[in-house]
Amino acid sequence: MTSQLLAGIRAIDMTEVWAGPMGTSLLGDLGADVIRLESFPRPPAISRPLREGTAVPGDGPPYERAGSHHMANRNKRNIAVNIRDDAGAEVVRRLASAVDVLIEGYSAGTIEGLGLGWERLHAINPRLVMISMPGWGVDGPYRGYATLGSGLDATLGHMAVRGYPGGPEDQVPVMYHTDATGAVGLVTAVVAGLLRREETGEGCFIDMSQAEAFAWQLPALQAEWTMHRRLPPRLGNADPHVVPHGCYRAAGGEAGADAWVVIAAENDVQWAGVARAAGHPEWAEPPHPWASVIGRLRSRAEIDAALAAFAATGTAEGVAHAVAEAGGIAAPVIFHIGLMTSPQIAHRDWLQTVDHRYAGTQTLAGFLWQVEPDAPSWDLACGLVGEHNHEVLQELGYSTDEVAALLERGAIGDRYGQ
Amino acid sequence: MAQPFSGVRVVEVGGTVAVAGATKSLSDYGASVVAVESRAGGEVRRLPPFPEDVPHLDRGAFHLALNTGKRSVALDHTSASGLEVLGVLAAQSDLVVLHLPPGEARRVLDVVARLGDGGPITVTLAVHGLDGPFAERDENDLSLFAWSNRMFRHSFDGQEPLRYSAQVATLQWASTATAVAASAIWGRRRDGVRRQIEVGGVEALAGNVDNWFVPWSFTGADTPRPAGLSRAVYPNGLLRATDGYVSFFAANEPFFSRLCRGIGHPEFATDPRFTDPAQKPAHFDEFMGYLREYLSTRTRNQVFLELQSHGVMVAPVLDVGESFEDAQAVARGSYVRVQQPGMGEHTLAGPPFRLEGAWSVTPAPALGEHTAAVLSELGYSAEEQIALFRAGVTG
């Protein structure tokens with residue numbers, strides 16, 4: 001049985017893609033009974049493709065074997081409901097009356113348009129904690145706008161500093177970091193809502209803008225502007241005040257030929273480790289100009305060149321381990337396989353081996369935390385669409401015949417593309 | 001209405017960005033947080049920028065942003081005397097959050113363990129966790145990101161992988177700790193169980209999304225990372241409007257059809273040249289010609305408002321100065337001003353989630369500002385406080 005921190009809490013997940021699904025999986029890891037309400041009859045646009053795409057090879061529908069779905073939907077039960085159908089909307093209202101928390105991630109305003117907004121649901125269940133988590137929040141001029149994490153990164157000013165220094169302005173690697181931020185932020189928001197309900201006896205509404213959930217994590221970027229009206233340039237991996245602080249090409253590694261290692265020294269002690277590992281302990285011994293913080297700052301290009309030459313002498317893993325063992329900071333920039341081969345990850349027994357009806361036996365990323373005495377566990381593999389329709393609806397008081405009628409009507413479903 | 005974490009007593013130890021970030025939201029949503037910091041001031045106080053570019057332990061941007069509303073106790077927790085004080089403080093707390101080298105962390109955890117089942121919940125931050133072959137290594141924000149497997153894909157094929165901006169990886173780890181700490185507070189109220197939690201930085205990042213490990217482990221294939229726009233799956237990426245760039249994510253349906261309508265060519269949505277995956281790459285230049293023509297007469301904001309009205313996922317690429325003036329940020333009051341003693345007005349990001357009456361932000365403390373007040377609350381006499389100060393234990 002998984003951790004029991006949130007045992008006894010029932011939650012509905014009405015979100016798509018990554019931030020909401022991942023956040024609600026974390027609630028499941030923590031012991032909440034999470035019911036994922038899957039979009040039906042339209043499959044979630046991005047995470048459940050109807051074509052093979054990122055699906056693991058195998059039999060059964062591709063949308064049950066898609067990697068993007070499997071990374072963020074464990075430890076939940078799954079029902080698939082057409083919320084635009086009257087009988088489907090009634091299922092949602094009956095669910096809302098029976099749970100503690102409802103989380104939705106539609107574009108702002110959509111849920112109200114479906115007759116499932118806060119005022120309606122609060123009237124049905126006065127103790128409901130409801131969280132809306134649209135990209136830019138529930139109100140304001142961007143109400144109703146659609147976005148992914150990349151759009152939030154753009155409006156926060158983070159995208160403008162992420163690309164290669166001096167590189168073309170229109171070329172910035174893709175990232176969706178706000179999804180990761182929103183996922184863990186959601187858990188904190190849920191607990192805050194539950195604590196509020198405990199105090200007042202009343203449910204409450206939480207407006208979680210995924211942009212604002214990330215904005216507080218950019219204090220240096222923001223302060224450059226608010227303190228000095230400066231727009232920081234793209235820095236890549238460099239730090240204006242720390243040398244070395246870079247990423248260097250290695251002579252291969254577990255990732256293949258495209259192998260890189262980061263090396264840094266925040267102080268003289270760590271620098272001495274880097275110097276020893278590179279076979280040049282004298283770099284850290286006065287009067288060598290690189291022995292001091294100031295000397296290193298004034299020799300940035302030379303040190304980068306020396307470390308680039310050093311990194312090219314070994315594998316990313318070999319160079320990183322040599323530096324780390326000597327007391328410097330270094331890490332191979334691990335490719336996915338690095339999680340499989342890391343002795344540290346193995347020691348922590350972190351990766352999870354999971355069986356799934358269609359995806360087979362898979363190795364998946366592990367939990368975000370360790371808890372004693374009640375460790376998280378992978379109790380429910382990623383749910384099939386509508387897998388728990390009967391179970392959940394019968395808990396709500398629907399008879400077997402009524403569930404069959406809902407299926408017949410298309411108000412609920414258990415497959416896409418029919 | 002009280003703030004949600006009102007009455008929760010938290011002690012943080014370590015003075016790092018990770019530990020300060022982990023307790024920030026608890027503080028801003030009502031918890032009483034005591035930051036136990038070294039007398040010299042830790043990492044979170046030493047990171048730039050500083051006003052006028054003058055280094056100052058009480059004025060760094062990370063300190064000002066992450067230590068809001070906390071009380072600061074300057075204490076050498078590595079000495080026997082300091083550890084004893086920390087134990088007394090922990091005994092009167094609900095939660096201890098720490099980020100220290102593993103040996104020091106274990107000593108603090110031992111002191112807390114002696115308090116038994118009535119002692120506080122513990123949340124320990126360690127980049128690799130407290131045990132295992134890498135546990136003792138020095139790491140930083142850059143190396144954490146490299147280990148997490150997320151940096152590798154933040155690059156173009158064959159080019160140097162890049163980190164996100166400073167401390168973004170570390171603060172993701174920190175906010176992961178916040179989530180599980182908050183849950184443990186809730187859990188204990190329900191079941192009385194004192195939990196001991198460890199949040200490894202690599203695990204916190206590698207286990208979350210924005211991560212392509214699972215698609216790779218499923219298929220054994222990594223998706224390419226081309227520089228510039230994909231000619232097969234378009235338009236995703238940055239395109240130029242008259243005054244800067246707009247970020248597009250409009251290749252997938254239903255967004256592609258909406259885009260075609262938005263730029264005045266609804267017929268493209270059913271045109272096999274642009275919709276058949278086999279034909280689409282050969283017609284990249286043609287489609288982009290139409291799209292660039294549309295963009296050539298519009299500002300970022302015009303493109304954003306027009307195409308969003310059609311439900312297309314686009315966003316203007318703003319610099320950080322512009323982000324403060326962004327209409328949405330202004331309308332919602334996404335940034336707030338704080339009067340910081342000794343410094344004047346300072347701007348901070350507002351609440352990460354909005355619950356009526358739940359969030360407030362007050363200034364960050366000077367280093368050791370509350371040492372005497374907290375020690376007095378713990379029952380130390382004036383003579384005892386002088387003895388600790390004279391011995392170099394407190395500051």
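Student: How many aromatic pairs does a search of the whole structure find?

Tutor: Over all chains the search finds 30 aromatic pairs, where rings of Phe, Tyr and Trp (its six-membered ring) pair if their centres lie within 6.5 Å, with planes under 30 degrees apart counted as stacked, over 60 as edge-to-face and the rest as tilted. One of them joins A:W18 and A:Y176 edge-to-face, at 6.0 Å centre to centre and 90 degrees between the planes. This is a predicted model, in which local features need pLDDT of at least 70 and side-chain atom pairs count only at pLDDT 80 or more, while totals for chains, interfaces and linings use all residues. Side-chain values use heavy atoms, without hydrogens and water.

Student: Where do A:W18 and A:Y176 lie?

Tutor: A:W18 is in the loop between strand 1 and helix 1 of chain A and A:Y176 in the loop between helix 6 (149-155) and helix 7 of chain A, so the pair ties together parts 158 residues apart in sequence; helices (H or I, at least four residues) and strands (E, at least two) are DSSP runs, numbered from the N terminus.

Student: And are A:W18 and A:Y176 buried or exposed?

Tutor: Both A:W18 and A:Y176 are buried, the term meaning under 20% relative accessible area, with exposed being over 50% and partly exposed in between (1.4 Å probe, protein chains only).

Student: Which pair crosses between chains?

Tutor: A:Y145, in the loop between strand 5 (129-132) and helix 6 of chain A, pairs across to B:F304 in helix 13 (residues 300-308) of chain B. Their rings are edge-to-face, 5.2 Å centre to centre with 85 degrees between the planes. A:Y145 counts as buried at 14% relative accessibility, and B:F304 is buried with a relative accessible area of 0%.

Student: Which residues form one aromatic cluster in chain B?

Tutor: The cluster is formed by B:Y234, B:F256, B:F268, B:F274, B:F284, B:F287 and B:Y290.

Student: Back to chain A: why is helix 1 largely enclosed?

Tutor: Eleven of the eleven residues of helix 1 (residues 19-29) of chain A are buried, so the rest of the structure largely encloses this helix. Its buried residues pack against strand 1 (10-14), strand 2 (33-39), strand 4 (101-104), helix 7 (177-200) and helix 8 (210-215) of chain A, with contact meaning heavy atoms within 4.5 Å.

Student: New topic: how is chain B divided?

Tutor: Chain B has domain 1 (9-210 + 334-390) and domain 2 (236-318), with bounds from an automatic or database domain assignment. The C-alpha centres of these domains of chain B lie 44 Å apart.

Technical notes
Residues numbered from 1 in each chain as written. Chains lettered and ligands numbered in written order.
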